[in-house]
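Please read it with the coordinates open.

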Amino acid sequence: MSEKTADFKTREVHAGVSPDPVTGAILTPIYQSTTYVQESVDEYLAKGYSYSRSGNPTVAALENRITSLENGIDTACFSTGMAATSSIMTGLLNAGDHVVLSDVVYGGTHRLSTKVMSRFGVTFSFVDTSNPDNVRNAIKDNTRLILTETPANPTLKMTDIAAVSEIASGRDIPHAVDNTFLTPFYQRPLELGADITFHSTTKFMDGHNITVGGSVTCRDEKMMEDIKFARNCLGSNMSPMVAFYTLQGCKTMSTRLEAQSANAMKVAHYLETHSMVDRVAYPGLDSFTQKDLVDKQSSGYGSMLWFEVKGGVESGKKLMNTLELWSLAENLGSVESLVTHSVTMTHADMPREERMAAGITDGLVRLSTGLESADDLIADLKQALDSL
Ligand SMILES: Cc1ncc(COP(=O)(O)O)c(C=O)c1O
């Protein structure tokens, strides 16, 4: 069967990998070697590899798989999601350039922009990208990148990928979309007009809390070349062991997402009924303010949700200390259900005023719903909420 015509569920198992030609091993081996011996000076790089910082066969197998799933032309994998984001910025930007960024983004992306890239003469406008007009109005003559995250961490604010991509392409500015929360199973930014889609593969692609990693997929060769050049210079490449684990995680990505999303929907419905809960946000709920946009650009709702517990920071803290099955942890997207208090954890570095303006309120509790029984997950939330 041609890889191009195969269904997503077939490609997530097979794309990029064929049985080892020497041994028949069904899994691409972990090529744990720094160095690749060359045929001759004249045939240097005949086998495609020289030194593992520049490329590795196990990592290449994962890159090929993600390229297929995201429907791009090529992918580069990184040591972490943040290495992916920083290589997009260092690969594409120069001193004096300006970037338009979503006002709600992963805390590390905000930190990278305001505390690192700003020191190298790059300026940023954080705007509410849920209204594409705000993006249009924020563009300056020196804008060289538009970076959005949708759904955004942690408020799940959505950006209309097609609308922002149209604005970006009209000005010849690349639009990069952090697609971590929905994965290419539910949302494919390149098909909606974006130029770059990137991930913390740490999350749903791995899915088992085993590795940290990142990926960037492009549909333009020059952009990919610039980002790979940055990766090689910065030395932020993924290790073969991480690529191996991520290749295995990818195989069950859609199945996990379907089950985890179904759990998230049940949890969201339950939370809506509890008297200690002020507000629940889950893209699959009819009450979700941007439900129409989700339905337009995504084929599923994901496993991430949040709620506002009554009583602010104190209630939030007590709740998390009382939960037993939900683990208090910063990660997301794994088969284990995790709970995060964004204000004290992932977004601790963000100034309070900016945080509140972005909707990251004191009582915001973020849930990453795992694969456990929905009944058990709800029972645990009930006992913790009842105790407040
Ligand atoms: C949406 C999003 N993008 C990027 C990152 C950074 O990824 P990593 O932790 O793998 O560096 C995270 C981490 O939580 C995230 O949630």
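1. The model is predicted: local features need pLDDT of at least 70, side-chain atom pairs count only at pLDDT 80 or more, and totals for chains, interfaces and linings use all residues. Residues are numbered from 1 along each chain as its sequence is written.

2. An open sheet of seven strands runs in the order β1-β7-β6-β5-β4-β2-β3, and its pairing is mixed. Its edge strands are β1 (74–78) and β3 (123–127), each of which pairs on one side only. From one strand to the next the twist averages 20°. Strands here are DSSP runs (E, at least two residues), as helices are (H or I, at least four residues), numbered from the N terminus; two strands pair if DSSP finds at least two bridges between them.

3. Within that order, β5 (residues 175–178) and β6 (residues 196–200) pair in the parallel sense over three bridges. Asp-178 stands opposite Phe-198 in β6. Helix α6 (residues 161–170) lies across β4 (143–149) and β5, and runs at about 155° to β5. Axes are lines fitted to C-alpha atoms, for helices over the stretch in contact, with angles from 0 to 180 degrees between N-to-C directions.

4. An open sheet of five strands has the order β8-β9-β12-β11-β10, also with mixed pairing. β8 (277–281) and β10 (327–328) stand at the edges with a single partner strand each, so one side of each has no neighbour in the sheet. β8 and β9 (residues 304–309) run antiparallel and are joined by four bridges. The bridge partner of Val-277 is Val-309 in β9. Helix α12 (residues 312–322) packs on this sheet, touching β9, β10, β11 (338–341) and β12 (364–368), and its direction makes about 155° with that of β11.

5. Helices α3 (residues 81–92) and α4 (residues 107–116) have axes that come within 10 Å and cross at roughly 40°. That makes α3 oblique to α4 (angles under 35 degrees count as roughly parallel, over 145 as roughly antiparallel, 65 to 115 as roughly perpendicular and the rest as oblique). The contact is made by Met-82, Thr-85 and Ser-86 of α3 with Gly-108, Thr-109 and Leu-112 of α4; residues are in contact if their C-beta atoms, placed from the backbone, lie within 7 Å. By class, this contact of α3 with α4 has two nonpolar, four polar and no charged residues. Ala, Val, Leu, Ile, Met, Phe, Trp, Tyr, Cys and Pro count as nonpolar, Asp, Glu, Lys and Arg as charged, and the others, Gly among them, as polar.

6. Helices α10 (residues 253–273) and α14 (residues 374–386) pack at about 30° with their axes 10 Å apart, which makes α10 roughly parallel to α14. Asn-263, Lys-266, Val-267, Tyr-270 and Leu-271 of α10 meet Ala-374, Leu-377, Ile-378 and Leu-381 of α14. These residues divide into seven nonpolar, one polar and one charged.

7. The axes of α2 (residues 57–70) and α9 (residues 240–250) come within 8 Å and cross at roughly 35°. Among the residues that meet are Leu-62 and Arg-65 in α2 and Phe-244 and Leu-247 in α9. The contact of α2 with α9 divides into eight nonpolar, two polar and one charged.

Terms used: Contact = placed C-beta atoms within 7 Å.
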